[in-house]
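Try each task before you read its solution.

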Amino acid sequence: MLITNCRIITWENPNRVLSGWAVRVANDLISEVSPERELIQKYPAEDHLDAHGQILMPGLICAHTHFYGAFSRGMTLYGDAPADFPAILRQLWWPLDQSLTKEDIYYSAMVLLIDAIKHGTTTVFDHHASPQYIIGSLDIIEKALLDTGIRGNICYEVTDRGGLEKAEEGIAENNRMITKFAGQPAGALVTASFGLHASLTLSNQTLEKSSKSIPPGAGFHIHVAEHQSDEYDSIKKSQLRVVDRLHQYGITGNHSIFVHGVHLDQKEAQIISETKTWLTHQPRSNMNNAVGMGDVEGYLRLGIPVCIGNDGFSFTMWDEWRTCYLAHKLWKRDPRSMPGDKVIQMGVYNNARMATHFFKANIGVIAPGAKADLILVDYQPITELTEGNLPWHILFGFRDSMVTMTMVNGKILMEDRQLLLNEEKFSTEAARLSKEVWKRYTKQF
């Protein structure tokens, strides 16, 4: 297939914005990026996808999410409004994940993956929890990824909240999936990591078991210092701050993903940097939970590969970028904070590096040999659009509703805003299931 009549944003480094060029897709890869006339002459019999002047760019990447949170949308919380983040965990997330059945796991994943397709998000890193259905839960999420065609890294959230037996089930589920995917070729659609909830719900015994049992070459995906309580709990348990404690058990490293990092001190940030551990930033979630904002610009200066996720919010990733751009200015009361190029560094380049690392394939760029994970965006600039000012066009002009085509692995999942999947079928079933989830949630109080 040739994709023609488009303006191409390559997200190479340095980036190029190309007019009069076209892209050839062969199987699951981008095979050529050349002037349009040359490609048409070279491949006269190829199918054409006419972009009608739209922007062609790599698909968006979400570095941390929770599919299982889909059924929280619109749910009334039991009791008074939570006063802090630990109360939010006790009143919302922990009773919700206890309420999920096998069927709920699948449909909550499907509706959010459809949301990802509609908004141009082609790669996701999910962190799952369903204490009443642990063994086999990741197979269900794998099925949802394969049914939709979205690229995903999956894991199960190990915690001691449910006791030793459930913690060991979570360890077994992670290791089973990591082993299951170990022999697959590079660039496969689904991969696995080892999920841990957070230091505050993990005993030394469980951390040690997790660290000793994880298969070689795999890494961890864990919430870190999202709230001050995580740090205080770690100091109480071990006389160490969170990152120091996790580092002691070998949880750091370039195969591991640390999430949030809002309340790190300088030494913790240094450890993350030195161990080349990935760190993800979720500004919409941080604002919603009122946990504060980490020193993200300082982390970047230290060389930490900070990426951007959504923590279960909608897959409108440009909204996450915009929130990042604006929230740090307000937090620091300084309009010079978090300039657009730093947002692009995280949301584009660091996310692409992370995806490339975890899927062992070139992802997040339009270049020969890269995975054909592409979107078309119906954005007509009213001012000049160049490589230099592109970040601010995205932050102030792009809207997720402008995505008209989503392709993953060379397969079109949405064209002219028409999904291949029957969205109504899945949303209707999800709405039915969510009522029962809410009933089970309420019975816990």
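Helices (H or I, at least four residues) and strands (E, at least two) are DSSP runs, numbered from the N terminus. This is a predicted model, where local features need pLDDT of at least 70, side-chain atom pairs count only at pLDDT 80 or more, and totals for chains, interfaces and linings use all residues. Residues are numbered from 1 along each chain as its sequence is written, and side-chain values use heavy atoms, with hydrogens and water left out.

**Exercise 1. Find which element gives the largest share of the lining of the largest cavity.**

Step 1: On a 1 Å grid over the protein atoms alone, a cavity is a set of points where a 1.4 Å probe fits but cannot get out, while a pocket is an open set with protein on both sides within 12 Å along at least five of seven lines; lining residues have an atom within 4 Å of a point.

Step 2: List the lining. Trp11, Met57, Pro58, Gly59, Leu60, Ile61, Trp321, Gly347, Val348, Ala352 and Gly364 surround the largest cavity, which holds about 80 Å³ of space.

Step 3: Sort by class. Ala, Val, Leu, Ile, Met, Phe, Trp, Tyr, Cys and Pro count as nonpolar, Asp, Glu, Lys and Arg as charged, and the others, Gly among them, as polar. That lining has eight nonpolar, three polar and no charged residues.

**Exercise 2. Work out which element gives the most to the lining of the largest pocket.**

Step 1: The largest pocket has a volume of about 700 Å³, and of its 36 lining residues, Leu92, Trp93, Asn288, Asn289 and Asp311 sit closest to the centre.

Step 2: Go through the elements. Helix H2 (85-98), strand S12 (194-198), strand S13 (220-224) and helix H10 (283-288) each bring at least two residues; H2 gives the most, with seven.

Step 3: The classes come to 16 nonpolar, 13 polar and seven charged residues.

**Exercise 3. Describe how H3 and H15 pack.**

Step 1: Take the geometry. Helix H3 (residues 102-118) and helix H15 (residues 423-442) pack at about 135°, with axes 9 Å apart.

Step 2: Name the arrangement. H3 and H15 are therefore oblique to each other (angles under 35 degrees count as roughly parallel, over 145 as roughly antiparallel, 65 to 115 as roughly perpendicular and the rest as oblique).

Conventions: Axes are lines fitted to C-alpha atoms, for helices over the stretch in contact, and angles run from 0 to 180 degrees between N-to-C directions. Grid points are joined across faces, edges and corners, and a volume is the space filled by probe spheres set on the points.
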